[in-house]
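Take a moment with the sequence and the model shown here.

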Amino acid sequence: MSPKKTSSKLIPPEEYSELVKTVNYFDIVFKSGNWSVNPDALGDRNSIIVGFETERRNIDDNHVEFTQHYNLSVIPKDKKRAAVKIECDIVTQCHSDKKQSNTFWNTYEKMTLPIITVPFFREHVHSLSGKMGIQPIVVQIGRA
């Protein structure tokens, strides 16, 4: 089956809180990543821009794989170009004890998946940036 972008339709919190109890994780792995740094372009005042998008692949009725494409850019005050770029793909495989609807998995993607994968991305960025010879980057991601 091919990966697909998910819709924004969500299920009610009461129903979700019961259904999410049936989900177990097979694996969470870094699939790929790349980075670039121009330390001379960094200044005292930089902006950090973080984004991600998620693709879901239904393996069977109970098994789903999410691939999250994370990206981070550190933009100096002059905004001519990014001084630091970090990208990585985090793959999470989930299994449910019962068949779940697409609406459930859409809700899971929005509500639970970031809680699981953001700490992995945050640690990756902090560790990698420290190894780049620059001040370690602290990622803070909040919900809108």
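Two strands count as paired if DSSP finds at least two bridges between them. Keep in mind that this is a predicted model.

Start with strand β3, residues 46-58. Together with β4, strand β3 forms a hairpin, and four residues lie between the two. The strands β3 and β4 run antiparallel and are joined by 13 bridges. One of these pairings can be named: N58 has V64 in β4 as its bridge partner.

Now follow β4 itself, residues 63-76. This strand also pairs with β5, again in the antiparallel sense, over 12 bridges. Look for Q68, which stands opposite I90 in β5. How many of the 14 residues of β4 are buried? The count is 12, so the strand is mostly covered, with buried meaning under 20% relative accessible area.

In a regular strand, side chains alternate between the two faces of the sheet.

Next, move along β5, residues 84-96, to S96. Is S96 buried or exposed? Its relative accessible area is 0%. That value is under the 20% cut-off, so S96 counts as buried. What surrounds S96? Leaving aside neighbours within four places in sequence, S96 is in contact with T22, V23, N62 and W105. A polar atom of the S96 side chain also lies 2.8 Å from the backbone oxygen of K98.

W105 leads on to the rings. Ring pairs link W105 with Y16, F66, F104 and Y108 into a cluster. The structure holds eight aromatic pairs. Each pair of aromatic rings is described by the distance of the centres and the angle of the planes.

How values were computed
Residues numbered from 1 in each chain as written. Predicted model: local features only at pLDDT ≥ 70, side-chain atom pairs only at ≥ 80, totals over all residues. Heavy atoms only, no water. Phe/Tyr/Trp six-rings, centres within 6.5 Å; stacked < 30°, edge-to-face > 60°. Buried < 20%, exposed > 50% of the residue type's maximum accessible area, 1.4 Å probe, protein only. Polar contact = N/O pair within 3.5 Å; in protein donor to acceptor, adjacent residues only side chain to side chain. Contact = heavy atoms within 4.5 Å.
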